[in-house]
Amino acid sequence: MEISKKDVDYVASLARLEFSEKDKESLTQQLDSILDYIEKIKEVDTSKIAPTSHGATGQNVWREDTVVKSSQSTIDALFKNAPDKEGDFFKVKKVMDTEE
Amino acid sequence: MNEIIKMSATTLAEKIKNKDLTSVEVTQAFINRAKEVDPKIKAYISITEEYALKQAKESDKKIASGKEIGQLEGVPIAIKDNILIENIKMTASSKILENYVAPYDATVIEKLKSSGAVFIGKTNLDEFAMGSSTENSAFFTTRNPWNTEHIPGGSSGGSASAVSAMTAPLALGTDTGGSIRQPASCCGIVGVKPTYGRVSRFGAVAFASSLDQIGPMSKTVEDSALLLNVIAGYDKKDSTSIDVAVPNYLDTIKQDIKGLKIGLPKEYFIDGLDSDVKKSINEAIEIYKKLGAEIIEISLPHTDYAVAIYYIICCSEASANLARYDGVRYGFRAECDNLLDEYQKSRGQGFGPEVKRRIMLGTYALSAGYYDAYYGKAQKVRTLIKQDFENAFKTVDLILTPSSPTPAFKIGEKSSDPLQMYLSDIFTISCNLAAIPGMSIPCGFSQKGIPIGMQLLAKNFDEQTMFKSAYSYQQSTNWHKQFPNI
């Protein structure tokens, strides 16, 4: 398995992670050696095997889609952790560029 | 040394209940001990002295007035800092959550509060529980109380070190691939990963949701059983918690183990096994024979693939779980001109190297064109590992293995090679993949005086067999009665 710096750039953009050029180099090497180790799972014949996605018994849990009201103190506590807010909203940079 | 700090949680609960000791006396004794030795081992991110003493006073009042009390009334406990306690800082040992204050209680914390437990502090971990040594903590590395040049194990290294150094009689950890059992083994204490779904994960920071489980850490087996009594049970806030009645784990713990069938998986007794570990495990097997157990060699044929599929699965799940740290609703935000830069810089600067490495690996494994080859394939091999255990448990009641291939290594020894670090989890991760319960108990020391742990694995929801087997062993040995000279 050969992973290139181009792959690292692409995956970093998918993961919304910024790296320095130096970090990208060591990361390319490390991911390559980890993926090389992981390759061994290819030897296992799984053609007749169903996947296991979860440790639990796999029963789905349903509930009514109803709103459970939080107390004002919980709401206040949640907003205390917000980097920026306006009224009862989290404030972020403009999502769409409307100028052009 | 104050005698209180050497007592088990079971003894402390009894003495507080009988008014031989007050909770304030007990809590103060552990806080004093923590103030004295924690600067040397750095197990705690924060010691919540004021909070703890307030709780202790309430417990004492309750007892004095003859009100009904809980199973852990007045007993201190340390909590891994990836579990939420309302109004207390919770960092997950990450810069991205450095100033985060928990807005609510985790379900296990609610349960501990109603049992009367006293929260003495939040313990250090590898950032987001990703690691085996606490070296990935964004703040500092915790040290092993038996030798401060060595790692305490991880990721629940702070909790293990705190209990081992007698700064808390009990602790909670989380275990995704061995994060309770491996540090318990390194620090010479008991650590239990319950069956997946036995304990609610609500309010624990999600790492790999199909594997994560909260569990007890303590000096004695009895104390861990007592703590599991309190935290186990179905919770509607965690849809993967399972509605199976919770037995009283103390009721069956003293049963003898005559005729119990214990399996030794040949794949775990490999060439690379440290000779001190091998010797201690062999001695433990002899003790089990004397206790009347039948020892049977078994095979878990897909063991060799466990580390590989574990890292695919845990990194894939982590990459999805950690997408929530975007600097919008909470956590670190790097101020930028546009939103995309803000995401990338907040995450790039807020996460440490190991967390980023795992997000990258997981994102890669889930990306278009690679999903089937990695994540899909890993899930199928996971089925085979699960089946290995199902087959083994047709002939045996319990499986015994070393907890780790070597005693705790030196700080810095493996930190530059991620793959070598991953391989130190080789004996603990299958248990999470198969969802079965497992625990580590102390079974000796290396020639250099570093603790060695033995792992016991049982069938789904059969913690009782595991506890009684561990208890019988502990009654016949003295490892748990030794204290580090710190």
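Keep in mind that the model is predicted.

Chain A first. It has three helices and two strands. Reading from the N terminus, the order is α-α-α-β-β. Along the principal axes, its C-alpha atoms fill a box of roughly 55 × 45 × 30 Å. How much of chain A is buried? Of its 100 residues, 14% are.

Now over to chain B, and to B:Q344. This residue sits in helix α10, residues 339–350. Is B:Q344 buried or exposed? It has 21 other C-beta atoms within 10 Å, and the cut-off for buried is 20 or more. So B:Q344 counts as buried. What does B:Q344 contact, once neighbours within four places in sequence are set aside? The answer lies in chain A: A:R16, A:L17 and A:E18. Within chain B, the C-alpha atom of B:Q344 is 9.9 Å from that of B:R333, and the two are 11 residues apart along the chain.

Last, the core. The largest nonpolar core has 165 residues. Those touching the most other members are B:V75, B:I77, B:I120, B:I309, B:Y311 and B:I312. Helix α9 of chain B, residues 306–321, gives the most to this core, with 11 residues. Take B:I120 as an example. Beyond residues up to four places away in sequence, its contacts include B:F30, B:I31, B:I47 and B:I77. B:T27 and B:T48 are also among them.

Notes: Residues are numbered from 1 along each chain as its sequence is written. Chains are lettered from A and ligands numbered from 1 in the order in which they are written. This is a predicted model: local features need pLDDT of at least 70, side-chain atom pairs count only at pLDDT 80 or more; totals for chains, interfaces and linings use all residues. Helices (H or I, at least four residues) and strands (E, at least two) are DSSP runs, numbered from the N terminus. A residue is buried if 20 or more other C-beta atoms lie within 10 Å of its own, exposed if 12 or fewer, and partly exposed in between; C-beta atoms are placed from the backbone. Two residues are in contact if their C-beta atoms, placed from the backbone, lie within 7 Å. A nonpolar core is a set of buried Ala, Val, Leu, Ile, Met, Phe, Trp, Tyr and Cys residues joined through C-beta atoms within 7 Å.
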